[in-house]
Amino acid sequence: VKIFATYNIKGGVGKTTAAVNLAYLSAADGCRTLLWDLDPQGAASFLFRIKPRVKGGGKALIRGTKTLDDAIKGTDFDHLDLLPADFTYRNMDLLLDDAGAKPTRKLARLLRPMAAEYDHVFLDCPPSISLVSENVMHAADVLLVPLIPTTLSVRTLDQLTEFVAGFSGRRPQVWAFFSMVDRRKKLHQEITKDLQAERTGVAATPIPALSMIERMSVERAPVTVFAPRSVAARAYRALWAEVQQDPKP
Amino acid sequence: VTATGLREFVADTAAGEDSSLAAVESALSQAFTVRQEPGAAGSGTHRRTWLDTFDWRLYKAGLTLRFEQARRGGRLVLSKADGTPQAEQPVTSWPRRPGLAEDLPPGPVRDRILVLTSPRALLPIVRAVSTVTVTRLLNADGKTVARLVADHVMVTAPAARNTAADTTAELPLRLTVAEVRGYPSQARKAAGLLAGVPGVSQASQSVFTAALTALGRHPADYTSGVEAEITATMPAPVAVARLLLRLLDTLELNVPGVLSDIDTEFLHDLRVAVRRTRSAIKLLGGVLPAGLAEHFTTEFKWLGDATTPVRDLDVHLLGFPALTGQLVAASPAELEPLRAFLARRRAREFRRLAAALRGPRFRAITQDWRKALLEIRDVDGPRRRRPSAVALALSTTARAFRRIAAKGSAITTDSPPEALHDLRKRAKELRYLLEFFAPLHDPVAYRKVVSDLKQLQDCLGEFQDSEVQRHEIHDLADAMLAERAAPAATLLAMGEIAAKLALSQAEARAEFAARFARFAGPAGQERVRVLLEGRA
């Protein structure tokens with residue numbers, strides 16, 4: 001199993017839309033795919049029309065009184081399952097802290113039994129720096145970091161890369177990609193170009209800011225499903241092809 | 001559709017498939033939004049073929065094997081009778097002709113069925129063409145919470161003979177509620193609604209079983225055993241006629257398979273039926289009308305002889321891998337000219353055999369024989385006084401046993417091989433008598449006697465087969481030399497094989513005394529006495 005996590009400290013940068021579309025594309029390729037909506041807001045669950053509720057809440061999952069397996073729901077699409085969000089996930093930091101030894105490795109341990117059942121797991125993280133995000137980084141093989149092309153977001157990427165580099169043992173591969181790119185803004189174009197030239201691990205495919213992507217919350221489906229030929233869907237497909245490879249050195 | 005927890009129903013489509021589907025959808029719309037899902041996974045046309053050997057070896061082992069055709073190639077799926085999957089493997093194509101398991105590419109299905117089915121071919125038993133439509137059942141959020149899979153199945157049983165037409169039948173519409181993971185209660189609800197639709201009922205049979213029923217085929221309807229329907233009090237001529245008719249049925253059932261050269265067991269079973277018939281005529285023919293036995297003795301001898309050359313070559317070819325495996329000095333490649341020679345000979349002999357089986361003499365034998373036997377079975381009046389079936393069974397079996405005991409006891413280490421060959425024939429006759437009258441015997445006593453007898457027969461068989469094969473190797477060597485088809489290395493390898501055979505023969509000879517003592521000694525005699533007198 002390969003675990004992908006969409007992460008950014010900031011909210012509203014396109015984490016969930018990326019997770020939903022890439023997970024769908026993975027499943028459409030025939031890979032058995034699980035998407036875990038870790039965000040208590042439950043946006044990914046909403047997009048798949050699944051109630052953001054887990055029996056027993058986050059506590060039952062973290063403490064192991066309920067296995068992840070029991071909480072998983074089938075989406076409308078073949079090979080794609082979802083582990084729904086739950087409002088109690090807002091306390092996940094505390095739950096993880098109580099979870100005993102190595103609290104930063106708890107999610108990785110919980111996910112281990114999923115290895116036989118799925119080829120790809122996507123973790124859609126809430127925005128923050130917390131024990132949850134640290135857990136996600138330890139569990140993930142690939143960190144997908146959406147960046148809005150601003151100077152500040154580049155700094156955030158640097159911080160994240162440094163943080164991950166400090167891990168002892170296994171480190172996730174970091175793939176940043178530009179998100180909500182507005183082609184009309186000169187600054188967006190410059191930053192996109194410069195960073196792609198300067199840094200490794202920055203995807204060549206940007207995800208543009210498009211109203212079609214915003215429509216997902218109306219259609220309640222991945223854009224790759226309801227508008228498969230749209231620019232947005234094409235961008236996600238290109239990104240998916242790219243992030244399955246190793247970043248160029 | 002990759003959902004688990006299937007719930008299957010059948011719909012009585014007497015009022016038309018569309019109207020019964022409409023009734024189903026209207027029932028489901030009480031709780032769900034019902035939406036067609038064109039192009040859903042699993043929808044469209046599917047072709048499946050269920051395979052088994054002529055004698056239903058997979059079925060008898062509680063297994064079913066199907067080939068699921070895909071756009072390119074397909075896959076073989078082996079499952080238990082209840083549908084539990086056992087193994088599957090992709091295959092690029094399933095040959096039009098029935099194939100042998102050993103011809104399959106390596107894979108888990110081949111591994112599971114090879115020993116079970118060899119040397120029999122896998123024949124298509126039922127072909128099914130399914131037209132599948134998938135309907136989504138949505139909840140108030142528009143989320144798919146279950147699926148209804150409707151399967152319209154047409155089934156065909158391939159004709160046994162090339163000349164006959166295939167049988168086709170339409171199965172009742174099959175409706176399956178497929179669960180979506182995490183929504184078990186919704187699937188239960190849908191199944192409950194479905195069960196309430198008039199004309200819809202739980203499917204009690206698998207598609208395969210339903211197809212067999214619809215096509216009028218009975219699983220395991222072929223067995224190479226005797227299993228005649230006889231009773232103890234039946235007049236002996238009637239019992240013998242029933243027995244011989246049963247053997248004739250078996251003989252005739254195997255003819256198409258022999259002629260199509262599907263696998264070597266068809267000819268084997270046909271020959272066993274002929275041998276049993278000849279033994280029955282010889283040992284029991286006394287109760288048949290005068291003249292009948294004499295005529296058919298000649299005819300069945302002709303038939304038996306006509307089948308011998310091909311069978312002998314089959315035995316050589318089937319045993320070839322084992323043969324080459326035994327070589328110590330020579331290499332298997334050096335025996336290849338022998339294999340090629342055997343294959344050429346077989347092709348030639350097979351043409352002769354096929355001509356005989358298609359010819360007038362064979363047709364006359366089977367037709368006249370059946371007519372005569374039916375007359376005895378059905379028209380046999382109560383005028384003559386005759387023994388009962390059980391009396392005939394006991395007297396002939398006791399005589400056959402006494403004969404073996406006497407002949408076997410006379411065999412010493414100095415006896416010529418012919419003495420053992422003769423004893424083998426007598427043992428075979430006794431075995432046939434036991435099998436013919438098996439329904440009249442106590443099963444436990446029967447099994448004990450047959451088990452001892454089988455040990456003796458195996459030993460005698462090994463002795464004689466080794467000798468015959470050794471002589472055949474010599475003859476083959478002569479024939480190959482005459483045709484200039486024998487390199488020196490091949491002849492040397494054949495010499496090594498002949499030596500091995502001589503060794504096996506000597507071993508069998510050494511074992512004979514012990515096996516015979518077990519069968520005909522005091523304990524063996526007691527077992528036979530229990531068998532015969534327990535009934536008398």
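**Close-up views of chains A and B**

**View 1. Where chain B meets chain A.** The contact (heavy atoms within 4.5 Å) takes 13 residues from chain B and 16 residues from chain A. This is a predicted model, in which local features need pLDDT of at least 70, side-chain atom pairs count only at pLDDT 80 or more, and totals for chains, interfaces and linings use all residues. Residues are numbered from 1 along each chain as its sequence is written, chains are lettered from A and ligands numbered from 1 in the order in which they are written, and side-chain values use heavy atoms, with hydrogens and water left out. About 1200 Å² is buried between chain B and chain A, and carbon and sulfur atoms give 33% of that area. Buried area is the accessible area (1.4 Å probe) that two parts lose on being put together, summed over both.

**View 2. Salt bridges across the interface.** Six salt bridges are found between chain B and chain A. The rule asks for a side-chain nitrogen of Lys or Arg within 4 Å of a carboxyl oxygen of Asp or Glu. B:Arg181 pairs in this way with A:Glu117; their closest N and O atoms are 2.4 Å apart.

**View 3. The largest nonpolar core.** This core has 86 residues. A nonpolar core is a set of buried Ala, Val, Leu, Ile, Met, Phe, Trp, Tyr and Cys residues joined through side-chain atoms within 4.5 Å. Buried means under 20% relative accessible area, exposed over 50%, partly exposed in between (1.4 Å probe, protein chains only). Among the members that touch the most others are B:Leu251, B:Phe300 and B:Trp369. Helix α6 (residues 236-259) of chain B gives the largest share, 13 residues. Helices (H or I, at least four residues) are DSSP runs, numbered from the N terminus. Leaving aside neighbours within four places in sequence, B:Phe300 is in contact with residues including B:Leu251, B:Val274, B:Ile281 and B:Trp369.

**View 4. B:His316 in its helix.** B:His316 sits in helix α8 (residues 292-318) of chain B. It counts as buried because its relative accessibility is 10%. Not counting residues up to four places away in sequence, B:His316 touches B:Leu342, B:Gln469, B:Glu472 and B:Leu476.

**View 5. B:Glu334 in a loop.** B:Glu334 lies in the loop between α9 (320-326) and α10 (336-358) of chain B. Its relative accessibility is 28%, so B:Glu334 counts as partly exposed. Beyond its neighbours within four places in sequence, B:Glu334 is in contact with B:Ala489, B:Thr490 and B:Ala493. B:Leu491 is 157 residues apart from B:Glu334 along the chain, yet their C-alpha atoms are separated by 8.6 Å.

Terms used: Helices (H or I, at least four residues) and strands (E, at least two) are DSSP runs, numbered from the N terminus.
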